[in-house]
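Good morning, and thank you for coming. Please look at the sequence and the structure on the screen while I speak.

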Amino acid sequence: MMSEAARALKDAGSITALTGAGISVESGIAPFRGKGGLWDEFDPEEYAHIRAFEKDPKKCWKLFKLQTEETRRAQPNPAHEALVDLEKHGLEGVITQNVDGLHQRGGSREVVELHGTLEQLECFECGHDHRTEDRLDEISEGEIPICECGGPLRPRVVLFGEQLPFAALRKAHELSQMCDAMVVVGTSAQVYPAAALPYTAKRSGSVIIEVNLQPTALTSNVTDHFLQGEAGKMMPTLSQEIG
Ligand code: NAD
Ligand code: ZN
């Protein structure tokens, strides 16, 4: 399977990647679903819904604090690095559902963040932007960081009940429609519209390569080459096989 996937990528003029929380697990960041997933501990309706933040921002910051601290400790792993390598072979962009910034820190040139980023904060009252880096003291003490206007700050991530950023979504569609091959890494493919992008790519004639510990809904529906295993092992092997 590995060599067939490598051949498909070699033959492709243009490649797009779609990544999910699974690509960052080996960097020490917990996914939402599956083994060790955050949703076992934090009910998304209570901690990551826009209405939950309206009602009780302090409660939501328990989850945001954990995510912020975990992310700041993490480093890109060999799977992130392999996606940088693939730029030599025609990778034009990485569409990610992750909010950890590890693709950018790993050196990927074109990253589309569908669900925003933990690196920026936004005032819930006035919309003013702040850098997470500047507010780490308050965050680590378990306080809600507060804007100069007095409003509570929130991470600039897409919460349940919110729309995806329009420009990112448009760019993600563009990348999915124009590629000859899409590499899908570490996503449970349960969150829409991100989970629909491999179908968009497939309809536009793309080959789909999927890397995951276990099969997903994509595997039997759209995936041409399924590489079962850890992203941090499979992705460098794939990139080396291309040459
Ligand atoms: P998910 O948590 O729903 O699914 C993770 C998937 O990765 C599962 O299919 C699992 O089998 C697979 N996986 C786990 N470890 C792996 C490994 N080492 N190698 C390969 N695959 C592995 O994640 P999702 O599909 O991205 O969807 C959910 C949401 O989670 C997104 O909205 C995203 O914003 C958010 N999230 C992001 C981060 C992050 O930024 N790192 C972390 C947790 C959740
Ligand atoms: Zn404000």
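Let me begin with a term: a polar contact is a pair of N or O atoms within 3.5 Å, where within protein one must be able to donate a hydrogen and the other to accept it, and residues adjacent in sequence count only if both atoms are side-chain atoms. This is a predicted model, in which local features need pLDDT of at least 70 and side-chain atom pairs count only at pLDDT 80 or more, while totals for chains, interfaces and linings use all residues. Residues are numbered from 1 along each chain as its sequence is written, and side-chain values use heavy atoms, without hydrogens and water.

An automatic or database assignment divides the protein chain into domain 1 (1–28 + 76–115 + 164–243) and domain 2 (30–73 + 117–157). Their C-alpha centres are 27 Å apart.

How much area is buried between domain 1 and domain 2? About 890 Å², with carbon and sulfur atoms giving 53%; this is the accessible area (1.4 Å probe) that the two parts lose on being put together, summed over both. Gly-28, Val-99 and Arg-105 supply 39% of what domain 1 buries against domain 2, more than any other three residues.

Across this interface, three residue pairs are in polar contact, both residues at pLDDT 80 or more.

I turn now to the metal site. Cys-123, Cys-126, Cys-147 and Cys-149 coordinate the zinc ion (ligand 2) through their SG atoms at 2.3 Å; donors are N, O and S atoms within 2.8 Å of the metal (3.2 Å for Na, K and Ca). Along the chain, these donors follow the spacing C-x2-C-x20-C-x1-C.

Key:
Chains are lettered from A and ligands numbered from 1 in the order in which they are written.
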